[in-house]
Structure formats: C-alpha cells, structure tokens
Amino acid sequence: MSISRKLLGTLALVAGIVFLADTAAAQQDNLIDTIKKRGKIQVGFGSFLPWAIRDKQGNWVGFEIDVSTKLAKDMGVELDLMPTAWDGIVPSLIAGKFDVIIGGLSITPARQEQVDFTEPYSQSGLGIAASKQLASGLKYPDGYNDAKATFVCRRGTAACKTAEEKWPKATIRQFDDDAIAFQEVINGNAHAILSSEPKPTFFTLQNPDKLFKPTNENVTTTVEGFALRKGNPAAIAYFNDWIGKNKDWLKQRHTYWFKTRDWAANVPAS
Amino acid sequence: MTNFDPARQPPRKRRRRATWLDAVLAALCVCVVGYFVWRINSVLDYGWNWSTIWPFVLKTDPASGRWVPNLIVEGLFTTIRLALWGILLAGIIGTLMGLARTSRYLLLRLIADSYVMLIRNIPPVVFVFVFVFFIASQIMPALGIGDWVRAASPTMQWWLSILFGPPKLIDNFFLGLICLSVFSGAYVTEIVRAGIQSVNKAQIEAGDSLGMSRTDVLRFVVLPQALRTVLPPLAGQFIQLIKDSSLVSLVSIQELSFMAQDIQVATQRVFEVFVLVAVLYFVICFGLSQLFGVLERRAARAHR
C-alpha cells in the first residue's frame, strides 16, 4: 500500500516535469516574439577581458556588452544581462535560463551539435605567450610539441582544443580562469599559454621579463556567433539580418576593444 | 538527570598560564610561518598590488560622492543571506526528515532514507548541476517567485530586497538557496536522527508508562535532550553550509565567490582577491562558531 502510494507520487512528479518541459518547448517556437512580448532580451555571457568585464563602478563593459546593448535597443526591448559561469553557459542556454549567448562563443563543430549559431559577428585570434625562463630555447612551433612542454588554457574554450590539435604531444593543463593560467606561466610553472588575443599581447607587455611571444601571428583564427537553442530558424534569420546590417559598426567596436586601449582608463586592470 | 557525565559538558574556559614550553612552541610556529612566507615570496613571482581591488569593496557613488558598497560587499551580503536562510531551511528539512527517519511508519522512513542516501552519495558539484539543470529549472518558473516579487508594492519590494537581495536576481537567489538547503538538509537529517536515537530508550518507555502521548514524549522528553546533543555537530554542519554556499557560484548565483571571479578577470589580481575572500569567509564562519559556543553554554546551564 505504502509502496504503491510512493510510486503514484513519483509518477505524478515525472508527469509534472514532462508537462513543464513541454510548455517550455512550446515557448521556444517563436523566440523573437517571446522576447518582444516580454519586453526584455536575456543575454548570457561569461566574464572575459575585453569581451565583458566589470569597470571600476562594478558595471559591465566590453565588446559583448556594446553588442548586446545595441541589439536590445534596435529590437526595442530592455536588456537583461545574465553573467554566467563559463562551465555552465551552454547547459544554461539549453535549460532556458536566457534567450541567447552573446559571449564570445566561438563556432566549433562540437558546439554546433548542441546549439545553433548565427553568422559570425566577430573574428578573433588565439595568441600564444611563453615563459622566458622555460621556453626561450624552444623553436616555435615544433619545439613545443614535446611531452615536457606544458600548455595552459582556460577550460572549455577553443584554446584548449587548439593546443591539443597543434601540439598533440605537449601536456595540457586547464584552468577555470585565464588570470590564474597566465600566472602559472609567469611563475615559470608552464611553458606557454594559449588564449584569445589581445590578452597574450597585453600580458607580455605587462610582464616583459617573464613572458615573450614566440610568434606575433595568431595561432588560429576563430569566429564567434550568437548561440541559440536548437530549432529557432526564424530567430537565427532575424539575428543574421541584424549582424549583416551592422557589419561596419561591429568592426569598429571590435577594433576599439581589441586593437586600442582607449577604454583602459575605466577598467581597473590597466 | 542528576548524574554528572563529563562527556556531555561543553568546552569550558580554562585558566591560562604560559610556561616555557608554550614559549618554545610559539617561537617554533613563528619560524615555520615565517619560512613559508619567505618561500612564497621567493618562489611566487608576483607583484602584490592591493590598491586595485579596494574599489571593488567600496566605491564612491558619482552622484552623491558618498561611499557605497561595490561588488565584494554585494556578494558578501548575498552569501550571508544564503547562509541565514539556508541554515533555517536546512534546519527545518533536517528536523522533519530526521523525525521521519526515526518514524514508526515505513513510508516516512523510506522517503527520508532515500533522500539521505541519494544526496550523501553523490558529489556536491554533481548534485548542484543535476539539481539546477534538471530539477530546479522546471520548478522555478512554475513557482513564479520573480513575477510575484516584481508585482509587489514598493514597500514590500524594499523589505524583500533586504531579506532576499535585489528583485532582479531573486529567482537566481532562490535557486541557489533551495539547492543549498536540500543538499545540507541531508546531513542535518543524519545529525538529528543521531540526536533522537541517543536518547535512552528507558526514558521514552518511562514517558509512555506515565501515559504521555507520543507527541508529548517527543516534545518534552526526547527533543530537549536531543537538541543538546546535536548542537556541536550542528554547528559544524552549518559552518560547512556557509562554505558550501560557494558551490552555487558554479550555477551563476552571484555570491561572494562568483563576484570574486569577475573581479579577478577585471583586475587580473588573482591572489589578492583569493586572500580577501578567504578572510571574509573566515570572519563569517568564525562568528557563527562563537555564536554556537554561546548557545552550547546556555543549553548546558539549562541542563538540570
């Protein structure tokens, strides 16, 4: 008797969850309409220099923030910024915590299996910075393909993937946070770091006796797109259209954040 | 309860008198700490710079020119709110489940047993992810807390923001709170069960033979004694809860650890932020330990 009652309770719970999941799926059909009806676009992103960082007042600034702000304005809706831990950013999107990721998420085949991407709205490169103490004798790039060479990178980023592909023999250590990963190289605990430019360049300039750049060219070039839950072709088309119309503006903003340091006065890192 | 049992006495303040042995030990400690500091400075190539992180504790409001809390203090408040409500909720869950675990009814025991076994045997990080993405993401929209708060009157909103933080993040806060409480509740359950079962069976039988009802036996005989027994382990568990609250930063609850990471990215000052956050957690946890010390002594005084 008690067992069957428990079973009934469990069944009711499962049914409830399935029902809720169903309604959540139904809401996805028309994302743009949902956003406009709500009067608010929820944007997920992770904190990453200079994509999205806190300024001295604690407000969000950065390339992504400019993009999201303009997108929301053009759509005529309020912007709801949802800073999200990088590890959980794709699951959070899939779970419906926000409408779209505008977070410097590079378009990779693995990610495309989970989410849909728009056309690229930005193009950036992965750069390398290496430890003077450990790596000055190594010949770039083949000298780094050695089990004794250690690469560090931020977990879950394209950098780790690229390091694995380019230097399959090297040891790769992954960190939750870029700042800590750079510190490892500065301390002489790792040979090199792979990270999205302009960070490797900035750090090398800030730590000239500890770091150097084996090459000034990008290790690879990555493209970034807005990421959406699967099955929103109308919304993808809408965002693609917006990106197309704002190509020049996007390029100008990208240059401002990635090629200049004009913004540095408001940001504590400088 | 007249027999004196030293095991039941709370730690009491002892008279202190330093001997030469203490002096030697103290000197040794200073040497070891000094050696570590020296090692850290020589191994770790790091230019300490505290000045960039202070503005994240307090900032000057450009409008009024006054000091206002910035990210660190906001995160600290969120952590404190998580801790206080978490202790309350985990305490309630734990007490109910602890009673269920010692219940006469098989169904109640089954529910409480499954709850404890399920949570205690999976790692916290996995639990947080599973709970948030599979369970809470279904429950939270259905509860509609956020909508309800946004519809509330301004006075109500002000109170709610004191109790639960900024209205915009209230869904986020409850998500973290429920996650943390359900998780810690399982451990509290075991502590409560142990407390109840530590009460001598003869006392329950004595209560029964006096014709007391089961609730009365529970209320007047079992629980008062159980409470005294569980206070020390409960203090440990609640301190653990405060530290575990940093786990929910993984699912983007904007508490102290989450803010700390944002600030590390913005300032690139990794270790200063770590040290500051460690000090803040220590202050909260140490404060709670002291509070429980007072409660323990008071409970012992009532012990007659």
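Helices (H or I, at least four residues) and strands (E, at least two) are taken here as DSSP runs, numbered from the N terminus. On this basis chain A has 11 helices and 13 strands. The structure is a predicted model, in which local features need pLDDT of at least 70 and side-chain atom pairs count only at pLDDT 80 or more, whereas totals for chains, interfaces and linings use all residues. Residues are numbered from 1 along each chain as its sequence is written, and chains are lettered from A and ligands numbered from 1 in the order in which they are written.

The predictor assigns the complex an ipTM of 0.75 and a pTM of 0.80. For pLDDT, the predictor's confidence in each residue, from 0 to 100, chain B has an average of 87, and 94% of the residues score at least 70. Within chain B, confidence is lowest in helix 5 (residues 145-151), with a mean of 79, and highest in helix 3 (residues 106-120), at 95.

A residue is termed buried if 20 or more other C-beta atoms lie within 10 Å of its own, exposed if 12 or fewer, and partly exposed in between, the C-beta atoms being placed from the backbone. By this criterion, 38% of the 270 residues in chain A are buried. Two residues are in contact if their C-beta atoms, placed from the backbone, lie within 7 Å; of the contacts in chain A with a separation of 6 or more, 72% come from residues 24 or more positions apart.

Chain A is divided into domain 1 (31-121 + 225-266) and domain 2 (125-221), with bounds that come from an automatic or database domain assignment. The C-alpha centres of domain 1 and domain 2 of chain A are 27 Å apart, and six residues from domain 1 and six residues from domain 2 take part in the contact. On the side of domain 1 of chain A that touches domain 2, three residues are nonpolar, two polar and one charged, where Ala, Val, Leu, Ile, Met, Phe, Trp, Tyr, Cys and Pro count as nonpolar, Asp, Glu, Lys and Arg as charged, and the others, Gly among them, as polar.

Helix 3 of chain A (residues 63-75) has 13 residues and should span 18 Å at 1.5 Å a residue, which agrees with the 18 Å between its end C-alpha atoms; the expected span is 1.5 Å times one less than the number of residues. The buried residues in helix 3 of chain A are A:F63, A:E64, A:I65, A:V67, A:S68 and A:L71, and what covers them includes strand 1 (40-45), strand 3 (60-61), strand 4 (78-83), helix 10 (233-245) and helix 11 (247-258) of chain A. After helix 3 of chain A comes A:G76, which has a positive phi near 75 degrees.

Strand 7 of chain A (residues 122-131) is mostly covered, with eight of its 10 residues buried. Strands are said to pair if DSSP finds at least two bridges between them. Strand 7 of chain A is joined by five bridges to strand 12 (residues 220-224) in an antiparallel arrangement, in which A:Q123 has A:V223 as its bridge partner. Five bridges also link strand 7 of chain A, again in the antiparallel sense, to strand 10 (residues 192-196), where A:I193 is opposite A:A129. Strand 11 of chain A (residues 211-212) runs antiparallel to strand 7 and is joined to it by two bridges, with A:F212 opposite A:A130.

Between the chains, 33 residues of chain A are in contact with 28 residues of chain B. On the side of chain A that touches chain B, helix 1 (2-28), strand 2 (53-54), helix 4 (89-94) and helix 8 (178-186) are the elements that give two or more residues, and helix 1 of chain A gives the most, with six residues. By class, this side of chain A has 16 nonpolar, 10 polar and seven charged residues.

Most residues other than glycine have a negative phi, and most peptide bonds are trans. In chain A, the peptide bond from A:Y140 to A:P141 is cis, with omega near -5 degrees, and A:P141 lies in the loop between helix 6 (132-135) and strand 8 (150-154). In chain B, B:S252 is not a glycine, yet its phi is positive, at about 70 degrees; B:S252 counts as buried because it has 23 C-beta neighbours inside 10 Å.
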